[in-house]
Amino acid sequence: MLKGGYQGKVLRVNLTTGEITKEELKEEMARDYIGGAGFGLKYLYDEVPGDADPFGEDNKMIFAPGPLSGTSSPCASRMSVVTKSPLTGAVGMATSGGHFPVELKFAGYDALIVEGKSEEPVYIHIKDDQVKIRKADKIWGMETFDTQSFLKHDLNDQQLRIACIGPAGENLSKMACIINERRAFGRKGVGAVMGSKNLKAIAVRGTGTVQIADENAFKEARSAMLKHMKESPVLYPSFSKIGTPMMVDAINALGMFPSENFMTTGEKDYTPDIGAEKSIEASIASEPCYGCPVGCSQLKLVRGSSKYIGALSDPEYETYYSFGGQTGVRDLDSIIAADNLCDRLGLDTMSTGVTIGFAMELYEKGLLSKDDLSGFDLKFGNHEAMYDAITEIAYKKEGLGELLADGSRVLSEKLGKASEDYAMHVKGLEFPAYDPRGAKAHGLNYATSYTGADHNRGYAFQEIFSIPVPYAVDRFAIEGKGKLTKWDQDVRTATCDCPTMCAFLFDMALPGTALENTANMVNAASGLSLTPEEVERVGERVNNLARLFNISAGMTRKDDTFPKRIMTEPIKAGDSKGQHIPQEDLDAMLDEYYEVRGWTKEGVPTKEKLQELNIKLG
């Protein structure tokens with residue numbers, strides 16, 4: 001019996017029938033999948049057919065925090081949302097922080113499953129045991145910040161925590177995200193799935209608490225965790241003051257900061273214009289997630305004589321890349337404003353910026369004309385055109401908006417004319433802010449991650465930060481990268497995506513103790529008795545289950561690949577000069593990766609591996 005950490009209930013809301021049910025959370029589910037992404041993947045695999053239409057009634061959305069959410073564990077106010085992605089056709093898993101995740105726990109639930117489709121716009125209102133489906137006709141069409149403000153006033157509860165979509169989700173842009181406060185469940189088009197269900201928002205208010213099974217053991221585990229955080233040479237001295245934008249300088253120094261749709265990586269230095277020093281100048285305050293002592297999220301305000309004066313936002317490193325280096329833009333004010341606009345309209349900043357950068361290259365190559373782009377002069381470095389294109393995309397306006405609204409892969413499919421050679425995505429998901437040619441395990445993760453080109457599923461901190469855990473590596477070598485990638489993916493899944501814990505903390509302070517830390521914290525909170533090895537096995541189980549779902553969705557080894565540019569064009573300058581990943585190197589890494597995973601040469605989990613992980617086919 002679960003004694004704490006978990007609330008013991010799963011809330012299920014069917015938007016087609018209006019039926020609302022509450023189910024018991026089984027101890028076996030908690031032990032085998034822990035929570036968060038683990039719960040989401042398990043429900044998705046069991047209940048959603050692989051060939052389901054992402055916008056159809058058969059698709060479901062599973063919102064799940066973890067057993068540490070709502071406790072005094074630092075940096076644990078995280079939640080995963082899992083669905084079938086309309087952008088990739090694969091598993092769509094996104095995470096977010098803030099206060100919304102713990103509020104669902106305080107309301108008494110370990111997961112929320114949304115299924116079916118409403119005939120009219122609605123939102124879900126959860127107040128502890130009271131759950132209602134309400135009409136959303138007054139807020140349909142609103143931007144995300146206005147939606148949150150309106151619902152708090154309309155329901156007379158300023159303590160509500162709200163996750164909602166903006167116009168992009170309503171218009172089914174496959175790049176649409178879900179916004180709660182200023183946080184995003186970004187990427188994979190999860191906001192479009194909400195829009196397809198006519199679900200505008202989920203408003204939650206919880207007045208309960210999360211019990212702890214063993215208070216003394218929990219305090220001891222928490223103290224050990226805080227000690228490692230304080231000992232980190234980066235977490236508090238730099239990261240808490242600058243946040244992820246500090247990575248502009250670090251990745252530029254490695255010669256891996258992508259620029260101009262990955263054409264000029266290593267050739268141009270963006271740090272003087274959008275690096276850490278400039279970022280600090282724009283910062284006015286930090287905005288921590290619930291229970292976070294780090295406060296890496298830095299609010300930035302555009303001041304002076306800029307045309308974007310007054311724009312306020314908290315762009316992460318990935319947004320500095322997507323609306324900076326990727327588009328050739330060196331104007332930090334426009335990046336802050338673009339981040340603000342994307343949040344208000346409900347667009348993922350990474351996919352949106354990368355798609356605009358892709359369109360810029362096509363425009364400069366003559367594969368897109370000004371007429372195609374509604375008169376926009378979409379040249380690299382044109383921050384005004386970049387900013388204005390965002391609204392066109394969110395509303396799917398005729399011309400540029402319709403052309404770009406569904407991401408890079410769809411744009412290349414519409415154009416043909418060899419444009420796919422320049423589309424920077426894997427499985428339909430646009431590239432993150434690290435050129436994989438300069439870090440081969442990081443790149444292999446892009447190719448094999450169950451969500452597509454997603455740095456957060458198996459971040460190779462060994463290559464990026466030179467941290468020798470579990471051992472030191474040469475970032476340019478291909479040998480051993482299959483084994484390393486499996487470890488990174490499994491451990492990150494088990495220690496970040498499932499408990500749920502902030503991945504930044506893992507990279508900066510806990511890589512060497514993450515498995516032990518997770519076991520100790522989860523056991524003390526819940527009464528479970530997981531070993532560090534069993535925690536790692538949870539990550540392996542989740543990654544195998546995700547692979548099975550993707551196979552059922554029609555994916556094969558051929559989908560574990562890179563764009564032509566990554567495989568045929570070496571980086572021309574900088575500390576990663578001469579690096580690329582030719583097909584033979586990718587094949588060698590894939591062969592090793594599949595072998596250490598216990599999969600066939602075609603990347604299919606074997607019956608023996610599934611039996612070992614206690615995964616039942618059905």
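How exposed is Asp-53, in terms of relative accessibility? At 47% relative accessibility, Asp-53 counts as partly exposed, a class lying between buried (under 20% relative accessible area) and exposed (over 50%), with a 1.4 Å probe and protein chains only. The structure is a predicted model, in which local features need pLDDT of at least 70 and side-chain atom pairs count only at pLDDT 80 or more, while totals for chains, interfaces and linings use all residues. Residues are numbered from 1 along each chain as its sequence is written, and side-chain values use heavy atoms, with hydrogens and water left out.

Asp-53 lies in the loop between α2 (37–47) and β3 (61–65); helices (H or I, at least four residues) and strands (E, at least two) are DSSP runs, numbered from the N terminus.

Salt bridges, defined as a side-chain nitrogen of Lys or Arg within 4 Å of a carboxyl oxygen of Asp or Glu, number 42. One of them joins Arg-330 to Asp-273, at 2.8 Å from N to O. This pair links distant parts of the chain, 57 residues apart: Arg-330 in the loop between α12 (317–325) and α13 (332–345), and Asp-273 in helix α10 (residues 271–274). Arg-330 is partly exposed at 33% relative accessible area, and Asp-273 is also partly exposed, at 28%. A network of salt bridges links Lys-486, Asp-490, Arg-537, Glu-540, Arg-597, Lys-609 and Glu-612.

In helix α14, 15 of the 16 residues are buried, so the helix is largely enclosed by the rest of the structure. Just after α14, Gly-366 takes a positive phi of about 85°.
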